[in-house]
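Subject: The structure I promised you

Hi,

Here is the structure we talked about. Have a look at it first, then read on for what turned up.

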Amino acid sequence: MLQASKDWRWKRSEESNRLHVDLGPDMELITPYKLRLLTEDTRVNPNFSLQDAEFYNQVFCYLQQFAVWSEAVCCQIALNATAAKHYLLPMQPKSWFFKPYLGATAINDAVVVLESDCQQGEFLIVECGAEASLCINLQAEFRLDEHLILEPFQAIRVLNNRIHPLMAMQKSAQTA
């Protein structure tokens, strides 16, 4: 596991118009989050905070339990989730892209399924609210409709009644 460090820093890159995470010598992660979508916190205090490190570690350890993603991918997901949770401006739900969940199985996991008219895909709940949750896309790409695509780790807020539980048996069958 790539351990969070006090030397990690958030960097706002005008060149790429994205938030970066400087992980030390010759290591940098570019998030999909455009500068206009970020809070001023990355400008005021660019250090990777204790709160950032705690959330990063929590997400990383949670993802490792699935034994589906490599350590590097878990690290990438956890860093993007941390950026989304702590540094994205609030956004309105865009639930019209997703089919409602009509089942009775309770949602107990942070890795969930969202279903558009075009496809079904896995998302990570980054922040769960009473009515809506902020999720990041875990697919290579996720087609919202015939014109719009969510790229990996892009965030979207959806009403909780659109979130489908991840079937654990389905997930473990994919790894076999």
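How many salt bridges does the count come to? The answer is 5. Keep in mind that this is a predicted model. The pLDDT averages 92 over the chain, and 94% of the residues score at least 70. Helix H4 (residues 168–175) has the lowest mean among the elements, at 44, while strand E7 (residues 142–143) has the highest, at 98. Across residues 169–176 the pLDDT is below 50.

Now for some of those salt bridges. Lys 11 pairs with Glu 28, with their closest N and O atoms 2.8 Å apart. This one ties together distant parts of the chain, since Lys 11 is in strand E1 and Glu 28 in strand E3, 17 residues apart. Lys 11 is partly exposed at 35% relative accessible area, and Glu 28 is partly exposed at 39%.

Another links Glu 127 to Lys 85, with the closest N and O atoms 3.9 Å apart. Here strand E5 (residues 120–128) holds Glu 127 and helix H3 holds Lys 85, 42 residues apart. Shared partners join Lys 85, Glu 127 and Arg 157 into one network.

Back to E1 and E3: they belong to an open sheet of 3 strands, in the order E1-E2-E3, with antiparallel pairing. E1 (9–13) and E3 (27–34) each have a single partner strand, so one side of each has no neighbour in the sheet. E1 and E2 (residues 18–24) are joined by 5 bridges, and Arg 9 sits opposite Asp 22 in E2. Helix H3 (residues 71–87) lies across E1, E2 and E3, at about 45 degrees to E3.

Cheers

Methods: Residues are numbered from 1 along each chain as its sequence is written. This is a predicted model: local features need pLDDT of at least 70, side-chain atom pairs count only at pLDDT 80 or more; totals for chains, interfaces and linings use all residues. Side-chain values use heavy atoms; hydrogens and water are left out. Two strands pair if DSSP finds at least two bridges between them. Helices (H or I, at least four residues) and strands (E, at least two) are DSSP runs, numbered from the N terminus. Contact means heavy atoms within 4.5 Å. Axes are lines fitted to C-alpha atoms, for helices over the stretch in contact, and angles run from 0 to 180 degrees between N-to-C directions. pLDDT is the predictor's confidence in each residue, from 0 to 100. A salt bridge is a side-chain nitrogen of Lys or Arg within 4 Å of a carboxyl oxygen of Asp or Glu. Buried means under 20% relative accessible area, exposed over 50%, partly exposed in between (1.4 Å probe, protein chains only).
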